[in-house]
Amino acid sequence: MAYDVNAIRKHFPALESGAAHFDGPGGSQVPDVVGEAVSSTLCAAIANRGTVTAAERRADGVVREARQAVADLLGARPEGVVFGRSMTQVTYDFSRTLAKNWGPGDEIVVTRLDHDANVRPWVQAAEARGATVRWADFDPETGELPTSAITELLTDRTRLVAVTAASNLLGTRPDISAITDAVREAGALSYVDGVHLTPHSPVDIAALGADFYACSPYKFLGPHLGLLAAAPDLLETLQPDKLLPSSNAVPERFELGTLPYELLAGTTAAIDFLAGLVPSEGSRRERLRTSLTALEAHEDALLQRLEDGLAALPRVVRYGSPTRRRTPTVLFSVTGLPPQAVYECLGARGINAPASTFYAIECARHLGLGDAGAVRAGIAPYTTAAEVDLLLAAVAEL
């Protein structure tokens, strides 16, 4: 069945305001079923997880259901799913845990393509342990990160490589499976930032070869939360700092304090909504693959429409290669206008396309954009061709 964006949009109360939201890379709008799941969980009788009372069993069920939903989304195992306040917080926690085994002479690889949440935690953890940080650079002309940019840095002292599955600034998608194969062969671990890939494409972390895969539900129609997926056996080898009476079981040993049950319920609802973007049969994992494949085709068509339209505007400068496989994200500037001015002009027209480095500070600087960045337009499951045309018309008038 075809992707019906108009039917999908009816589930997003926020869209009733009339604004055209190209700000999805910073956080998507939320469908009604997610809000209802959050509300109903908050208003239900609930307690700390347990098996004695109905309230305890309800809390335990919410957590188990959320772990299974994430596992279905990512091709992971539910007992390997760790929840946290944000991807940034989860990554800081894991950087400190992994760094316990680092020391002088050890090497960590980070890239200038990444969001700072997959850079600074590793840089700071390495510095604290006396380890060496090695930087992989992308091509500023194309926005591409060649596999060789990482493999040429690998040595027998490499302990971890942190790399993005898709740039939140440019949409660039490195060849993660080739990178992780090389990292594994070098005897190191890979930590993949999947925040910007997960909302736009079917994900299979086994096929990607990621040892750790982190992402954020609020980027794929869910509530504000972060999570990480890894093999349970790998998690068993790690000993994070934790409270003495808290569980030492995996994955609970990595989750600090009581989990936000209402947000976990919202995450499950978001994943179920994604699975139903296109009606299909089969398991939730199978329905997710069908729906996300259809979504990817829908977003790719709109991305091409946006790229073609911007290419026809003489004052528009685009960053990154429009010919390579990318997530539906465009970074651009308008000659003669500061990025903030473009952002404000578009906002006055009801078009939400912000300007910044969006925390990809190393990426923006490597592109020569400094700390002001540029304007980013991201396409989401609810974006229409009419909205793309509206954005193009507004940019043409600047």
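**Notes on loops, strands and helix packing**

1. Tyr359 sits in the loop between S12 and H13. Helices (H or I, at least four residues) and strands (E, at least two) are DSSP runs, numbered from the N terminus. Phi of Tyr359 is positive, near 70°, in a residue other than glycine. At 63% relative accessibility, Tyr359 counts as exposed. The cut-offs are under 20% relative accessible area for buried and over 50% for exposed, with partly exposed in between (1.4 Å probe, protein chains only).

2. This is a predicted model, in which local features need pLDDT of at least 70 and side-chain atom pairs count only at pLDDT 80 or more, while totals for chains, interfaces and linings use all residues. Residues are numbered from 1 along each chain as its sequence is written, and side-chain values use heavy atoms, with hydrogens and water left out.

3. Phe358 lies in the loop between strand S12 (355-356) and helix H13 (361-366). Its phi is also positive, near 55°. Phe358 counts as buried because its relative accessibility is 12%. Most residues other than glycine have a negative phi, and most peptide bonds are trans. Two further backbone points are worth checking. The Val250 to Pro251 peptide bond is cis, with omega near 10°. Pro251 is in the loop between helix H9 (232-236) and H10.

4. Strand S10 (residues 329-334) is mostly covered, with 6 of its 6 residues buried. Thr329, Leu331 and Ser333 point one way, and Val330, Phe332 and Val334 the other. S10 pairs antiparallel with strand S9 (residues 316-319) over 4 bridges; pairing requires at least two DSSP bridges between two strands. Val334 is the bridge partner of Val316. On S13 (residues 374-378), 4 bridges join that strand to S10, again antiparallel. There, Leu331 stands opposite Arg376.

5. Strand S3 (residues 107-111) is largely enclosed by the rest of the structure, because 5 of its 5 residues are buried. Glu107, Val109 and Thr111 cover one side, Ile108 and Val110 the other. S3 runs parallel to strand S4 (residues 132-136), with 5 bridges. Thr111 has Ala136 as its bridge partner in S4.

6. Helix H5 (residues 120-129) has Pro121, Trp122, Val123, Ala125 and Ala126 buried. Their cover includes helix H4 (87-99), S3, S4, strand S5 (158-164) and strand S6 (189-193). Gly130 follows H5 with a positive phi, near 80°.

7. The axes of helix H3 (residues 54-74) and helix H10 (residues 261-275) come within 9 Å and cross at roughly 35°. Axes are lines fitted to C-alpha atoms, for helices over the stretch in contact, and angles run from 0 to 180 degrees between N-to-C directions. H3 contributes Ala59, Val62, Val63, Glu65, Ala66, Ala69, Val70 and Leu73 to the contact (heavy atoms within 4.5 Å). H10 contributes Tyr261, Leu264, Ala265, Thr267, Thr268, Ile271 and Leu274.

8. Leu346 belongs to helix H12 (residues 339-348). It counts as buried, at 0% relative accessibility. Leaving aside residues up to four places away in sequence, Leu346 touches Ile351, Ala353, Val375, Leu391, Ala394 and Val395. Gly61 is 285 residues from Leu346 in sequence and 44 Å away in space, C-alpha to C-alpha.
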